[in-house]
Amino acid sequence: MSLRDEELERYARHIVLPQVGGVGQRKLKAASVAVVGAGGIGSAVIPALAGAGIGQLTIIDDDVVEPANLHRQPLFRERDAGYSKADLALQFVQRLNRFVTAKPVQQRIDAGNAGELLTGHDLVIDGSDNFATRLAVSDACVGLDVPLLSAAAVQFQGQVGLFRAQPCYRCFVGDAFDADDCDNCAELGVLGALTATVGSFAALLAINTIVGIGEDQAGKLHLFDGETLEWRTIRIPPDPRCRACGSA
Ligand SMILES: [Zn+2]
């Protein structure tokens, strides 16, 4: 996949990096990424990936913009209230970078349709706001053998993890939350700047993973405390009895 002169100019600050170069920039252009949720996490992830020149972006969100979203979702404006987040995110991407092909999907992703919606992508980034969706997305990624980057922020706590084959996200959270469909942010609150921090970290991890920068992060969970402002990293042990990725 070659880069045109306009792209070489646009991505010059990437290409000059030895870790990226023309080879890495072509990998970004060749990549197809699905973003689940155009909310707080998505508002950081989608502009970063579109700006970075990810070739194909699928944006999955069935929601419309509400005034209570605006403190953490800078993809949207006051006048957007009531309009589709997936469609507005598409318009944002089109205005930012015409070398990116974006596809909006205005559907609620669940266990029934996740496999169909996520197939064909090189990476899935989940920034949804509830466990039932996250588990359905994770199970589909295991089934499709697509790496999953899961990012979440609630109150002052953030977490970002990359899951490939084993361990999977279900190894981490278990089976207790499949029926949970509450909106964590609505119930518990979240600091707007925290979702931006966590979303930007997720975007960086996504780009590093696609280009092949640094050591492989699969199976590690990065935790951020928005009060102490400290990151720490833990390793997720595979669950041999996991019903998604386990061998039993
Ligand atoms: Zn698992």
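Reader: Which helix gives the largest share of the lining of the second largest pocket?

Author: A pocket is an open set of points on a 1 Å grid over the protein atoms alone, with protein on both sides within 12 Å along at least five of seven lines. Lining residues have an atom within 4 Å of a point. Here helix 10 (residues 192–211) gives the largest share, four residues. Helices are DSSP runs of H or I, at least four residues, and strands are runs of E, at least two, numbered from the N terminus. The model is predicted: local features need pLDDT of at least 70, side-chain atom pairs count only at pLDDT 80 or more, and totals for chains, interfaces and linings use all residues. Residues are numbered from 1 along each chain as its sequence is written, and side-chain values use heavy atoms, with hydrogens and water left out.

Reader: How much space lies in the second largest pocket, and how do its lining residues divide?

Author: The space is about 180 Å³, a volume filled by probe spheres set on points joined across faces, edges and corners. The lining has three nonpolar, six polar and three charged residues. Ala, Val, Leu, Ile, Met, Phe, Trp, Tyr, Cys and Pro count as nonpolar, Asp, Glu, Lys and Arg as charged, and the others, Gly among them, as polar. Among the lining residues are Arg-164, Phe-201, Glu-215, Asp-216 and His-222.

Reader: What volume does the largest cavity have?

Author: In a cavity, a 1.4 Å probe fits but cannot get out. The structure holds one of 30 Å³ or more. The largest cavity has a volume of about 60 Å³. Helix 7 (residues 131–144) gives the largest share of its lining, three residues. By class, the lining has nine nonpolar, one polar and one charged residues. Arg-164 and Pro-167 are among them.

Reader: Where is Pro-167 placed?

Author: Pro-167 sits in the loop between strand 6 and helix 8 (169–173). The peptide bond from Gln-166 to Pro-167 is cis, with omega near -5 degrees. Check another backbone angle too. Asp-145, in the loop between helix 7 and strand 5, has a positive phi of about 60 degrees although it is not a glycine.

Reader: In what order do the eight strands form the sheet?

Author: Two strands pair if DSSP finds at least two bridges between them. The order is 3-2-1-4-5-6-7-8, in an open sheet with mixed pairing. Strand 3 (101–105) and strand 8 (230–235) are the edges, each pairing on one side only. Neighbouring strands are turned by 15 degrees against each other on average, direction ignored. Strand 5 (residues 148–154) and strand 6 (residues 157–163) pair in the antiparallel sense over seven bridges. Ala-153 stands opposite Gly-158 in strand 6.

Reader: Which strands does helix 5 lie across?

Author: Axes are lines fitted to C-alpha atoms, for helices over the stretch in contact, and angles run from 0 to 180 degrees between N-to-C directions. Contact means heavy atoms within 4.5 Å. Helix 5 (residues 85–96) lies across strand 2 (56–60) and strand 3, running at about 170 degrees to strand 3.
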